[in-house]
Amino acid sequence: AVLGIAYLYAAQNPIRHRVILWLASLEQIVALFSTTFHWARGDLSAGESIITIAAAVIFLVLLMTNLPRQTDAI
């Protein structure tokens with residue numbers, strides 16, 4: 001919940017809070033790999049894993065396509 005609030009705050013001014021948005025991308029990558037690992041080990045069933053993997057991929061794609069591009073500040 002705390003990270004969700006931070007991400008919503010960062011979304012108001014994405015250029016200023018670019019680092020927080022990169023943190024959100026990193027979090028989705030970790031969620032993707034950890035869920036895949038536990039699915040491969042047999043700790044999670046396919047149904048539990050697919051939902052988490054799909055959500056992580058969707059959020060990651062949305063974050064990466066909407067990250068602000070760095071402009072030249074010369």
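Me: Is R41 buried, partly exposed or exposed, and what is its relative accessible area?

Reply: R41 is exposed, with a relative accessible area of 56%; buried means under 20%, exposed over 50% and partly exposed in between, using a 1.4 Å probe and protein chains only. This is a predicted model in which local features need pLDDT of at least 70 and side-chain atom pairs pLDDT 80 or more, while totals for chains, interfaces and linings use all residues. Residues are numbered from 1 along each chain as its sequence is written, and side-chain values use heavy atoms, without hydrogens and water.

Me: In which element does R41 lie?

Reply: R41 lies in helix 2; a helix here is a DSSP run of H or I with at least four residues, numbered from the N terminus. The C-alpha atoms of R41 and E27, which are 14 residues apart along the chain, are separated by 21 Å.

Me: Which residue forms a salt bridge with R41?

Reply: A salt bridge requires a side-chain nitrogen of Lys or Arg within 4 Å of a carboxyl oxygen of Asp or Glu. D43 forms one with R41, and their closest N and O atoms are 4.0 Å apart. The structure holds one salt bridge. D43 has 43% relative accessibility, so it counts as partly exposed.

Me: How do the axes of helix 2 and helix 3 cross?

Reply: Axes are lines fitted to C-alpha atoms over the stretch in contact, and angles run from 0 to 180 degrees between N-to-C directions. The axes of helix 2 (residues 18-41) and helix 3 (residues 46-66) come within 9 Å and cross at roughly 160 degrees. That makes the two helices roughly antiparallel, the term for angles over 145 degrees.

Me: What classes of residue make up the contact of helix 2 with helix 3?

Reply: Contact means heavy atoms within 4.5 Å. Residues of helix 2 including L21, W22, S25, Q28 and W39 meet residues of helix 3, among them A46, I53, F59, L60 and M64. By class, this contact has 17 nonpolar, six polar and no charged residues.

Me: Is S25 buried or exposed?

Reply: S25, in helix 2, has 1% relative accessibility and therefore counts as buried. Apart from neighbours within four places in sequence, S25 is in contact with L60, L63, M64 and L67.

Me: Where is I15 found?

Reply: I15 is found in the loop between helix 1 (2-12) and helix 2. I15 is exposed, with a relative accessible area of 54%. From I15 to P68 there are 53 residues in sequence, and the C-alpha atoms are 5.9 Å apart in space.

How values were computed:
Angles under 35 degrees count as roughly parallel, over 145 as roughly antiparallel, 65 to 115 as roughly perpendicular and the rest as oblique. Ala, Val, Leu, Ile, Met, Phe, Trp, Tyr, Cys and Pro count as nonpolar, Asp, Glu, Lys and Arg as charged, and the others, Gly among them, as polar.
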